Amino acid sequence: MPGNARQRKIALVDKWRELEKLSSDFLQIEGSGDVVIVTSGVAYNYVKEAVRRLNIRATVVKLGISVPVPPKVREIARGGEVVVVEEGDPVVEIQLRALGINTRGKIDGYFPKHGELDINKTALGLAKALGLSYAPPTPLKPPLEPPPRPPVLCPGCPHMATFYILRLATAGLNPVWSGDIGCYSLGINTGQQDLITHMGSSVGLGAGIALATGQFVVATVGDSTFYHAVLPQLVDIATRSVPILIVVMDNAYTAMTGGQPSPSRAIPAERITEAFGISTFVIDPIDVKKSVEIIKKAVEIVKSGRPAVVVSRRPCALIGVRKARRAGIQLPKYQVDVNKCTGCGLCYNLLKCSAIYKRPDRKAHVDPALCVGCGICAEVCPFNAFKPEGKREAWLELWRQA
């Protein structure tokens, strides 16, 4: 072996020994007993509860660092077998076997190799590894089954209006809805998310589908994701003139993960797309009728064989409501005139506002505890059945500036 290569190998081995020592410093040993269980991360919590349920005396070895496993575990095993409980791939178990320790874990099928662990899976795996019998407790059943409550967009969410507007503007085109990760993933509730894979995928996958199939594609993407993952894809779309409608759902915040301000507040998305030479339109989804007409122009551009972008801009309703309350502005509330409501279902079936319920007679009812006074229902209703209580204009302006 050449001298330099040998020195590098020695240096790597020395570094590995340092990491093993560091890993030993974070080793935690609890309990005592002939059964030795090696675990790490969230699996440790499941192990503690499973040991209690199985009523066994065990030495629980919690690894603070999973790679490398400290050789000290070999001393704890005392030449016997250890049970390894870990999430994901059997990384810890593979290392223990390399140290010459006999293990029972995922490799031999004592614990599932796919999916996440939980207390019952952990207890069943431990019982199987130790030759014990275990029957998971029967879950308690409530006297009445609660109604299904799938995740929905918040009342007043601008994405809710945007999806409704897009449905009207693309009527008859049977578009492919290329979805993405974010609050707007809930467009699946209205049938407007045909595929969702990973952050920023909507534009790239949508462009591929448009080129390969010739179908009309609507790619919806959030403002934060637009800056994080879509800009490189715009280069290809612009240079190849891919016929795709990209809709940037700009609510000014990263609403799903904490409400951090979006880069769109400093650099509006339309400045970027226009710099690429892509025709771009901006709408306020609160104005449903005007927005439909604007998006129809974008649709015509895509039908002619060129890309188009629509930026749907209205801040997150949750942030707007919070600021309105701090400013002492009373939110208007909408009610339904049952004499005018025909039970057509546009508001609760297509708009799918989560503050609107269907009465037994199919007429609409607005929950005043949930209504934020956005007024989108009134924009949508063809029978003028929704009436506000309170002033809407001051609230909408404060919301626009939130």
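Entry one, a strand pair. I looked up Val36 and found it opposite Thr59 in S3. Strand S2 (residues 35-40) and strand S3 (residues 58-63) pair in the parallel sense over six bridges. My labels are DSSP runs numbered from the N terminus: helices are H or I with at least four residues, strands are E with at least two. Two strands pair if DSSP finds at least two bridges between them.

Before going on, I noted that this is a predicted model, where local features need pLDDT of at least 70 and side-chain atom pairs count only at pLDDT 80 or more, while totals for chains, interfaces and linings use all residues. Residues are numbered from 1 along each chain as its sequence is written, and side-chain values use heavy atoms, with hydrogens and water left out.

Entry two, S2 again. Is S2 buried or exposed? Six of its six residues are buried, so S2 is largely enclosed by the rest of the structure. Buried means under 20% relative accessible area, exposed over 50%, and partly exposed in between (1.4 Å probe, protein chains only). In a regular strand the side chains alternate between the two faces of the sheet. I checked both faces of S2: Val35, Ile37 and Thr39 are buried on one side, and Val36, Val38 and Ser40 on the other.

I followed helix H2 (residues 43-54) to helix H5 (residues 119-130); their axes come within 9 Å and cross at roughly 60 degrees. That makes H2 oblique to H5. The cut-offs: under 35 degrees is roughly parallel, over 145 roughly antiparallel, 65 to 115 roughly perpendicular, and the rest oblique. Axes are lines fitted to C-alpha atoms, for helices over the stretch in contact, and angles run from 0 to 180 degrees between N-to-C directions. Tyr46 and Leu54 are among the H2 residues that meet H5, whose side of the contact includes Ile119 and Leu126. Contact means heavy atoms within 4.5 Å.

Entry four, a sheet. I traced an open sheet of five strands, in the order S6-S7-S8-S12-S11, with parallel pairing. Strand S6 (176-178) and strand S11 (279-283) stand at the edges with a single partner strand each, so one side of each has no neighbour in the sheet. The twist averages 20 degrees from one strand to the next.

Inside that sheet, strand S7 (residues 217-222) and strand S8 (residues 245-250) pair over five bridges in the parallel sense. Ala219 has Ile246 in S8 as its bridge partner. Helix H8 (residues 223-240) packs on the sheet, touching S7 and S8.
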